[in-house]
Structure formats: C-alpha cells, structure tokens
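Trainee: I have not read a structure like this before. Please show it to me, and then we can go through it feature by feature.

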Amino acid sequence: MTAITEPITVPPVPDGRSGTWRRGRVIAAFAVLTAVLLLAHRLVPNWAVNAGSLLETVLPWLGLLVVALLVAAAVRRSALALVALLLPALVWGFTFGGRLLDQRAAGGDFTIVSHNVNDENPDPAGTARALAASGAQVIALEELKKSEIPKYEDALAAGYPHHSVQGTVGVWSTFPLHDTRPVEIMPWTRALRTTVDTPRGPVAVFVAHLPSVRVRLDAGFTANGRDAAIGRLADELAAAPAPRTVLVGDFNGTTDDRGLDPITARLRPAQDEAGDGFGFTWPASLPLARIDQIFVGGVRPVAAWTLPATGSDHLPVAASLAL
C-alpha cells in the first residue's frame, strides 16, 4: 500500500515593510480630516449652533491634534499615517506659521493700549498704573464699573490729561481728544468713537466691548448677539470713514472667526501684521485665545504685543503705530 502524503503549506513570512503601510488607517483618516477642517473650515455651517465660528475660535489648536496623531503614528509604526500627517502639518504651517515669527520692529509715532479691566478687578488703581507704565500715549479701557471709574481717573490723571468715559468704555490720552461720542452697538453703551489729535494729524479711535459668548449644550456657541453688535459697529465704521482709523477692544472672538468678517474686511489686525506669536489674551492665567484686538486702517503697525497680567481676567494688548 502506498502512503498518501499531504502537502505541507508554509505560511508566508510577514513583510514588515508592507505592514507599515497597512497599519494606522484610522490615524491616517483623522489626519486627512484635520487637513480638511483647516482648509475648508468656512464650509462648516453656523446654522443654529454656530459650529463654524466655534471651530474657527480654536482653529490654531488643531496643531496639537496633529502632534497627538504623530505620536500615535510613531507608536503604531505606521508609514501610511506618517505620510498622511504631512498634509495637515503643511496646511497648518502655511496658515499659522507666519504668526510664530517675531515681526516687531522699532519706531512708530504713538502707542495704544487696550484692556478689558474686568468689573470685578480687585485693584483698579494698580491696573491703571501698570498700563501707564507701558508708556502708551493712548489707553482704552473696557468693562469699567461705574463705582470704580474714579479710581482709574485718579491713577491716570497726571499722565493722561485728556479722557472720556462713555458707559462702560473709556479712553485716556496724552494728546487732545475731540468729537467723542457713544456708538450704539447694544441697548446700553459699550462702544465709543473719538478723534485723537496727534502731532502728525488726527486719528479716529474706536473702543468697543462686544457681547460675551458661551458654549452651551442646549444652544451651542452663543455668538448671535456678538455678531449683531459687530454688524452695527461695522455700519458705524462705514458711515463715518476716516483716513486713519484704529479700533480696539474686547471682541469676544478671534480674527479667524467668520463673525468678525465685517471688521476684518475693512481693517487689519495689528497682531497678525506686527506681532510675535499668537498673542493670546484670555484667560489671563492660561491664555488660550486672542479675543482682545487692535485693528488698524490707514496706519502701519510697527509692533504689537501683550502686556503682563493685571487684576483682570484678560491680558492687555498694545501696538505701536506709524502714521
């Protein structure tokens, strides 16, 4: 009898190189999604919950997601994921890389400081003195509490003989002011316009404090009130144009947020043009977003920066401007 021998099947030897291209598909998918969000964030609709504006508020922080995915790709030893991550890394660098450069220069004709001082500030006088120590010729304050206004006035009186307070916002200047008036962006006064008579000619200065926004489970990103006020502020800018305009204040929004489009279509952010880094201002203890802004038109920002923390939950912002 002849024995029947079964053929022996030898399993294939795994190819480690091809395996690195099979692993990490989920990581690669998230990398592509991150790139799409960076490139096409304007296509994310606002509709009822303002999802687009919320995404744009945290847009720079998508860079951390790229870093986290890079770590995951390295742990998985996935060549596929590593290659896919080149896409969001390049898009992020193209979009935000310029903001990481120090674009500040010396010079400028005058410096302006803007600060939401917080109506619960425990040290108004100390805050005012810290702002004056910056050497700014113009200081704009937002969220002034009526009972605390005299403390700011007393602390700034010696160095800033010209000032005006309209509602909860105010401006102090070493240069004369004229044509100061409130700007109606809300039912109560939280914005003003004035003309600063600098030695090199007049500059229209607007100070504004836009309505707050919140993230709520039942309402999403509550930016509708802010957006309506921005529209009214933009209408004021259009109705009374000036050759040289500076708009400062707490906008409760970043310049990446489409809600600020009516402003950014007309004026330029000083921080983007002449700053060093992102210049985050809120919250002061661990700044995560730049919601305090200095916008300019008809003048050139030479340098823009944030000042050290005061008794407020916001950091002050400053810019040196060439007229």
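**Reading the chain**

Trainee: Where is N50 found?

Mentor: Helices (H or I, at least four residues) and strands (E, at least two) are DSSP runs, numbered from the N terminus. N50 sits in the loop between α2 (25-39) and α3 (51-57). This is a predicted model, in which local features need pLDDT of at least 70 and side-chain atom pairs count only at pLDDT 80 or more, while totals for chains, interfaces and linings use all residues. Residues are numbered from 1 along each chain as its sequence is written, and side-chain values use heavy atoms, with hydrogens and water left out.

Trainee: What phi does N50 have, and is the residue buried or exposed?

Mentor: Buried means under 20% relative accessible area, exposed over 50%, and partly exposed in between (1.4 Å probe, protein chains only). N50 is not a glycine, yet has a positive phi of about 55 degrees. With a relative accessible area of 3%, N50 is buried.

Trainee: Where is E143, and what is its phi?

Mentor: E143 lies in the loop between β2 (138-142) and α7 (149-156). E143 has a positive phi of about 60 degrees, although it is not a glycine.

Trainee: Which residues does a cis peptide bond join?

Mentor: The cis bond joins W282 and P283, with omega about -10 degrees. P283 belongs to the loop between α10 (270-274) and β12 (292-297).

Trainee: Which residues does T195 touch?

Mentor: Contact means heavy atoms within 4.5 Å. T195 is placed in strand β6 (residues 191-198) and is buried, with a relative accessible area of 11%. Not counting residues up to four places away in sequence, T195 touches P176, L177, H178, D179, P202 and V203.

Trainee: How many helices and strands does the chain have?

Mentor: The chain has ten helices and 14 strands. Among its contacts between residues at least 6 apart in sequence, 65% join residues at least 24 apart. Of the 323 residues, 49% count as buried.

Trainee: What radius of gyration does the chain have?

Mentor: The radius of gyration is taken over C-alpha atoms, and the globule rule is 2.2 Å times the number of residues to the power 0.38. A compact globule of 323 residues would have a radius near 20 Å, but the chain has 26 Å. Its C-alpha trace spans about 120 × 45 × 40 Å along the principal axes.
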